[in-house]
Amino acid sequence: MKAAFGVVSGNSCTGRALAVLVSLMIGGMLLSIVLSAVLAMTIGLDEVSTIRCSVVLQNVLAFIAPALLMPLVVYGKDYLLFSFGRNTDLSSYVWIALIYAVATPAINYLVAWNESLVLPEWMSPIEEWMKNSEASAKVVTDTLMADLSVTGLMMNIFCMGILTGIGEELFFRGALQSVLVRSFRNRHLAVWVAAVVFSAFHLQFYGFVPRMIMGAIFGYALLLTGSVWVPVVAHALNNISVVVLTYLINADAVDESAASLGVTDGFPLLALVSAFFSFVLMLVFNRLMKSRKYDGN
């Protein structure tokens, strides 16, 4: 029997897969907190090193390990293919990098728009909680980005860019979205549900919409190519760009306006053009991937 909203009922593996995935993630998160605290006390790490250690442990234990273990526990055979997908060629990475570059002004405008949202007065307690959550996340990020040494930059690129790109994409796309695609008859629904969960997980609500859009782009990159490494590269590219640009701004090497390309008080022409051509590029990319599959390549 088929359930509403395009969900296939009776799929017992879906509930089990989600339960195992979430349980492993929560367990990994708690373990990473304990281990980072123990290491900080045992080795005597400073604040920045403790945060970096926590980021590494979180990505490995709460994201990468669950993404790899859940398919083994639930699906068994060919479990590695579940998280990683199939191989793809260099052109897929070039396309996703191009789409990311073209979409940047539109994403920047969405960030500014989302940050300017004000909730109704009756929701002020919720708004206060959201602002506190944002402030806490900003303190952590600012602490890491305050290190202006070359070594600090390289460590931030690795922890916040490369490793986070791998960890979050393996979990949210390679594992979660793949489970949803197997459960939903509508693959687009699976992409957007995973994108919403991905954005909500960060508890940074004044960046919820742009992060959700980015998550959807990453999701479609996996859907079109069948390889999780394509969204991994896109995600890492986004994070590394932010890290490097923030480093240059903090070092007074570039002006702060470099981080607001597409943001304007007037008519958002550049953002709209960016969004339009990003959508066109996604359509062309989709057509190319379909023709490649049709040709048997």
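User: In this predicted model, where do Lys138 and Asp142 lie relative to each other?

Analyst: Both are in helix H5, 4 residues apart, about one turn of the helix.

User: What makes Lys138 and Asp142 a salt bridge?

Analyst: Their side chains meet at 2.7 Å, N to O. The cut-off is within 4 Å for a Lys or Arg nitrogen and an Asp or Glu carboxyl oxygen, so the pair qualifies.

User: How do you know whether Glu169 and Arg173 are buried or exposed?

Analyst: Glu169 sits at 0% relative accessibility, and Arg173 has a relative accessible area of 0%. Buried means under 20%, so Glu169 and Arg173 are buried. They also form a salt bridge, with the closest N and O atoms 2.7 Å apart, and about one helical turn separates them in helix H6.

User: What does the salt bridge between Arg52 and Asp147 tie together?

Analyst: That one is 3.3 Å, N to O. Arg52 lies in helix H2 and Asp147 in the loop between helix H5 and helix H6, so the pair ties together parts 95 residues apart in sequence.

User: Why is Arg52 called buried but Asp147 partly exposed?

Analyst: Arg52 has 10% relative accessibility, under the 20% cut-off, so it counts as buried. Asp147 has 23%, which falls between 20% and 50%, so Asp147 is partly exposed.

How values were computed
Residues are numbered from 1 along each chain as its sequence is written. This is a predicted model: local features need pLDDT of at least 70, side-chain atom pairs count only at pLDDT 80 or more; totals for chains, interfaces and linings use all residues. Side-chain values use heavy atoms; hydrogens and water are left out. Helices (H or I, at least four residues) and strands (E, at least two) are DSSP runs, numbered from the N terminus. Buried means under 20% relative accessible area, exposed over 50%, partly exposed in between (1.4 Å probe, protein chains only).
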